[in-house]
Amino acid sequence: MKKTAIYTLTSELHDEQAVGSMTSEFLSSLHIEFDFLGSDYASYGTHALDLIYVRTGGTEGIFLQMLPQLQAQSAKPFYLLTSGKSNSLAASMEILSYLRQHGLRGEIIHGDAAYISKRISIISKAAEARQQLQHYRLGIIGQPSDWLISSQADKARVKQLLGIELVDIPMQELLNEVNSTLANNSIPSPKEGTLPLEGANQIHNALKAIVERHRLQGFTLRCFDLLSAVHNTGCLALAKLNGEGIVAGCEGDVPALLSMTIASVLTGVSGFQANPSSINPQTGQMLFAHCTIPLNMVDRYELDTHFESGIGVGIRGHMPEGPVTIFKVSGDLQRYFVDEGTLECTQAKPDLCRTQQVISLSTPCVTSYFLTNPIGNHHIILPGHHKALIEELLREVHP
């Protein structure tokens, strides 16, 4: 079964042969994959995206008669596809107006072939991602770090609106796993001046065991507790796990974890969870930094110590310069921020977390959001421009 289904809405007054020829020509011009189901709406609601192709005018009454059945089969918005021929756009506008009057969501998809194809692609990807999230379990290993005073989550609301289950996992469970693994492998103390790579990799293995035991698609870790408990960091483990497709966030930051998970299902990478370290309000240039970055987001990387503690293993990753997206959703899903910018360069200053990115955004964005009304500290940086895709997924949460 393909992701997209196309159903038809046609007035009996129009010649079927002429309408059929028009249909074939129009749908072929879109260059998309779909299941064409015509006027048989029995499976409506079962695809990631269901399009109602309004082929002619005079179809408003037909739609109205079908509406109770369609509502019973699906609670998703109504997407009305139209070429504009045979008064189909006028009919679509009348139908959408009726839907709006009765508190129902919908959209007319109309324009040239390139616009329609792109719009369908975005809606389809977002719909598929929402379906995927319905089965997600995300772990909170330990509590959020003490300094994240605004970065909590409303678990019930997250479950209701995104279908994601948030699972609390005691930090001691991970420490037991790490200590058991370290003891079994008899890892010697690292020599002076070297990085404890073997211990960092054991943390990776221990976290992977936790993920498998709890059937998680991702987690956030109260990672600073590892500094005193095992004299190492989770930076390398998180970088590797994100690169392996397991969403792995820092510092027990649940809103950041939710943001990374949304990014992952939409784009295939979970994103760089980073601190804004400096802002130039005049130019819109910002510096973001953190000691870990997904290994599938970088061209190359070097290993260093963890910045704040000077111990363990940190990552200095180099992402390709160019378009990026900055994203963050709040823990109660009441707010989100997304904007597009440009990664200008990567730095390697000794007085900051190891991965450092200089990113240019619009000055109004910087002053009206980051310096006035931010969603916490950490933000997620993604390669490429994905604002329209993220906004489409979150329309279900913020209609």
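L333 lies in the loop between β14 and β15 (336–347), where helices (H or I, at least four residues) and strands (E, at least two) are DSSP runs, numbered from the N terminus. The phi angle of L333 is near 65°, which is a positive value in a residue other than glycine. At 0% relative accessibility, L333 counts as buried, a word that stands for under 20% relative accessible area, with exposed meaning over 50% and partly exposed in between (1.4 Å probe, protein chains only).

The model described here is predicted, and local features need pLDDT of at least 70, side-chain atom pairs count only at pLDDT 80 or more, and totals for chains, interfaces and linings use all residues. Residues are numbered from 1 along each chain as its sequence is written, and side-chain values use heavy atoms, with hydrogens and water left out.

H31 also has a positive phi in a residue other than glycine, near 55°. H31 is placed in the loop between α1 (16–30) and β2 (35–38), and with a relative accessible area of 71% it is exposed.

**Strands and their partners**

Strand β14 (residues 322–329) pairs with β17 in the antiparallel sense over four bridges, where two strands count as paired if DSSP finds at least two bridges between them. Within this pairing, V324 stands opposite P383 of β17. Strand β10 (residues 272–280) also pairs with β17 in the antiparallel sense, over three bridges, and here Q273 stands opposite I380. Four of the five residues of strand β17 (residues 379–383) are buried, so the strand is largely enclosed by the rest of the structure.

Strand β3 (residues 49–54) is mostly covered, since six of its six residues are buried. L49, L51 and Y53 are buried on one side of β3, while D50, I52 and V54 are buried on the other, so that both faces are covered. Strand β1 (residues 4–9) runs parallel to β3 and is joined to it by six bridges, with I52 as the bridge partner of Y7. Strand β4 (residues 78–81) pairs with β3 in the parallel sense over three bridges, and L80 in β4 is the bridge partner of I52.

The pairings are set out in this table.

| Strands | Sense | Bridges |
|---|---|---|
| β10 and β17 | antiparallel | three bridges |
| β14 and β17 | antiparallel | four bridges |
| β1 and β3 | parallel | six bridges |
| β3 and β4 | parallel | three bridges |
| β6 and β8 | parallel | four bridges |

An open sheet is formed by four strands in the order β7-β6-β8-β9, with parallel pairing. The edges are held by β7 (165–169) and β9 (247–250), each of which has a single partner strand, so one side of each is left without a neighbour in the sheet. From one strand to the next, the twist averages 20°.

**Helices and cores**

Helix α10 lies across β6, β7, β8 and β9, and it runs at about 150° to β9; axes are lines fitted to C-alpha atoms, for helices over the stretch in contact, and angles run from 0 to 180 degrees between N-to-C directions.

In the largest nonpolar core, which has 58 residues, I164, L258, I262, F370, I381 and L393 touch the most other members. Such a core is a set of buried Ala, Val, Leu, Ile, Met, Phe, Trp, Tyr and Cys residues joined through side-chain atoms within 4.5 Å. Helix α10 (residues 254–267) gives the most to this core, with nine residues. Leaving aside its neighbours within four places in sequence, I262 is in contact (heavy atoms within 4.5 Å) with L133, L162, F327, V329, L393 and L394. A second, separate core of 24 residues includes V167, L174, F219 and A237.

A237 is also one of the buried residues of α9, together with C235, L236, L238, A239, L241 and N242. Helix α9 (residues 235–243) is mostly covered, with seven of its nine residues buried, and these buried residues pack against α7 (197–214), β8, β9, α10, β12 (300–304) and β13 (314–318). After α9 comes G245, whose phi is positive, near 95°.

Helix α4 (residues 113–133) and helix α12 (residues 387–394) pack at an angle of about 50°, with their axes 9 Å apart.
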